[in-house]
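Subject: Structure handover

Hello,

Here is the structure for you to look at. My notes on what was found in it follow below.

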Amino acid sequence: MELKDKIIERLLVGDASGEQLGIKFGVSRAAVNKCVKKLREEGYDIEAAAGRGYRLNNTDVLSAARVRKYLNTEWEVQTLSETTSTNDVAKKAAALGKRDFAVIAERQSAGRGRLGRSFASPSGKGLYMSAVVRPCLTLSDCGKITAFVAVAAAKAVENLCGKRVEIKWVNDLYMDGKKICGILTEGGMGLEGGSLEYAAVGIGINVAKNSFPPELAKIATDVETSSGKRIDRCELAAAVLDGLKNLERGIKSGEFLNEYKSRSCIVGKEVIVNGDYAATALCIDDDCSLWLEKDGKKIKFSAGEVSLKIK
């Protein structure tokens, strides 16, 4: 952990002087002052007063220390001011053997979603994170990972803002009929046995009020606009990660399926399939595939086979 992260973690507990911080971390007061200056440049509101020391005021700046403050489970957390895509960072970490690792970025320059679509990631407006998990799952169960993550993310958002969150099969979260979150799961396969080696789960949530471009404003919104509540991104990140900790057990038991199905915002509705034809969404199967009906014929789709738009 870097010195600046240690300082933030200490200031989250309460005020501390430069001398106290220096003694605690075995560095000079000059080193402490240098880190405090850097933290202020990064957006932290740190006050200094004679006889009291440094005080960290409420702030929405992303930091590993603030995420850890809210976590109830064990994760290695890294925060970045910018990256291409958090999934890129997560996959590199997975290649190094990391597990239970999460990376969160203030901004993504090349955020992406399913089917190669771009994902807008403006600074300060959202939670852009990826988690590396290594569940022991059969290949048939691997297709349920995204659905499980969607439930975990929906519950985390809903618990913090108090407003119902729905799921648009298979990987989008919705409020007021508009998208607030997209999920992208990318896996690494073992060379022997063709088993899942790891999953890099990318989650992008529109948190703060945002001025979407016209082409997105019709289909996207954010948590603050829809719920009227501004939630702390670090607290949200921790809530999502806590929900992912039991991913393997939850998928094997299937205990998440009922909630995944009950949160669906497309079942019973007409949808446009691959921008081509209209069909009715009938139900979601226990393997998280979707049954559609077109001209009296029932069709079953898995997640990677189809793109849907609510009619």
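β3 gives the most to the lining of the second largest pocket, with five residues. Please keep in mind that this is a predicted model.

At least two lining residues come from each of α1 (3–11), α4 (64–70) and β3 (76–80). By residue class, the lining has ten nonpolar, four polar and seven charged members.

**The seven-stranded sheet**

β3 is also part of an open sheet of seven strands with mixed pairing, in the order β3-β4-β5-β9-β8-β7-β6. The edges are taken by β3 and β6 (166–168); each has a single partner strand, so one side of each has no neighbour in the sheet. On average, and with direction ignored, neighbouring strands of this sheet are turned by 20 degrees against each other.

Strand β4 covers residues 101–105, and five of its five residues are buried. In a regular strand, side chains alternate between the two faces of the sheet. For β4 both faces are covered, with F101, V103 and A105 buried on one side and A102 and I104 buried on the other.

I167 has L173 in β7 opposite to it.

A281 has L292 in β12 as its bridge partner.

Strands β1 (residues 46–49) and β2 (residues 53–56) run antiparallel and are joined by four bridges. I46 stands opposite L56 in β2. Three residues lie between the strands of this hairpin, and G51 takes a positive phi near 80 degrees.

**Loops and backbone geometry**

Some backbone values may be worth checking before you set up any calculation.

- D100 is not a glycine but has a positive phi of about 50 degrees. This residue is in the loop between α5 (86–95) and β4, and D100 counts as partly exposed because its relative accessibility is 27%.
- C288 is another residue other than glycine with a positive phi, near 70 degrees. C288 sits in the loop between β11 and β12 and is buried, with a relative accessible area of 3%.
- The peptide bond from W169 to V170 is cis, with omega near 10 degrees. V170 lies in the loop between β6 and β7.
- N72 is in the loop between α4 and β3 and is exposed, at a relative accessible area of 70%. The C-alpha atoms of N72 and K245 are separated by 9.8 Å, and the two residues are 173 residues apart along the chain.

**Cysteines**

How many disulfides does the structure hold? There are zero. For C161, the closest cysteine sulfur is that of C181, and the separation of 12 Å is too far for a bond; the cut-off for a disulfide is 2.5 Å. C161 counts as buried because its relative accessibility is 10%. C283 is in no disulfide either, as the nearest cysteine sulfur, that of C288, is 12 Å away. With a relative accessibility of 34%, C283 counts as partly exposed.

Regards

Definitions and conventions:
Residues numbered from 1 in each chain as written. Heavy atoms only, no water. Nonpolar A, V, L, I, M, F, W, Y, C, P; charged D, E, K, R; others polar. Buried < 20%, exposed > 50% of the residue type's maximum accessible area, 1.4 Å probe, protein only. Pairing = 2+ DSSP bridges. Axes fitted to C-alpha atoms, helices over the stretch in contact; angles between N-to-C directions.
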